Amino acid sequence: MIARVLRCKVKPGMWDNYERYYNEKVVPPTQKMKGFQERRLLRSLDNPDEGISICVWKTKEDLENYVRSIERQSIVLEAEELFFAGEYSVRDFEIKISTVHVGLF
């Protein structure tokens, strides 16, 4: 499995709007895509305007298809304009060990 990890800072005071956008605009189209496994949005305890999004895909090819998709392109451009405060990074990782069990959360 492959994880795409996005780290970002949102504009001050915009986290609640970003979280709502993420839940309404980012999550639904992703869930319909081939190879999608799960998504998590983490908010920093030290800086409430900083977060991490983790999206897990079955294969690298599934992730690449998502990255090239029209759905993702429009979402990323809109989110960058509306919410991001300049600090933004994306990295992909191969999941080697996972102890997440579906249904526990």
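Contact here means heavy atoms within 4.5 Å, and the views below come from a predicted model.

**View A. Helix α2 lying across the sheet.** Helix α2, residues 60-68, lies across β1, β2, β3 (50-57) and β4. Against β1, the helix runs at about 40 degrees. Look next at helix α3 (residues 70-82), which packs on the sheet as well and touches β1 and β4. The direction of α3 makes about 145 degrees with that of β4.

**View B. An open sheet of four strands.** Follow the strands in the order β2-β3-β1-β4, with antiparallel pairing. At the edges sit β2 (36-43) and β4 (84-94), each with pairing on one side only. From one strand to the next, the twist averages 15 degrees.

**View C. Where β1 meets β4.** Strand β1, residues 2-10, runs antiparallel to β4, and eight bridges join the two. In this pairing, C8 stands opposite Y88 in β4.

**View D. Two cysteines and no disulfide.** How many disulfides does a search of the whole structure find? It finds zero. Take C8: its sulfur is 14 Å from the closest cysteine sulfur, the one in C55, so that is too far for a bond. For scale, a disulfide would need the two sulfur atoms within 2.5 Å. C55 is in no disulfide either, with the sulfur of C8 as its nearest cysteine sulfur.

**View E. Burial of the two cysteines.** Are these cysteines buried or exposed? C8 has 1% relative accessibility, so it counts as buried. C55 comes in at 3%, so C55 counts as buried too. The cut-off for buried is under 20% relative accessible area.

Terms used:
Residues numbered from 1 in each chain as written. Predicted model: local features only at pLDDT ≥ 70, side-chain atom pairs only at ≥ 80, totals over all residues. Heavy atoms only, no water. Pairing = 2+ DSSP bridges. Axes fitted to C-alpha atoms, helices over the stretch in contact; angles between N-to-C directions. Buried < 20%, exposed > 50% of the residue type's maximum accessible area, 1.4 Å probe, protein only.
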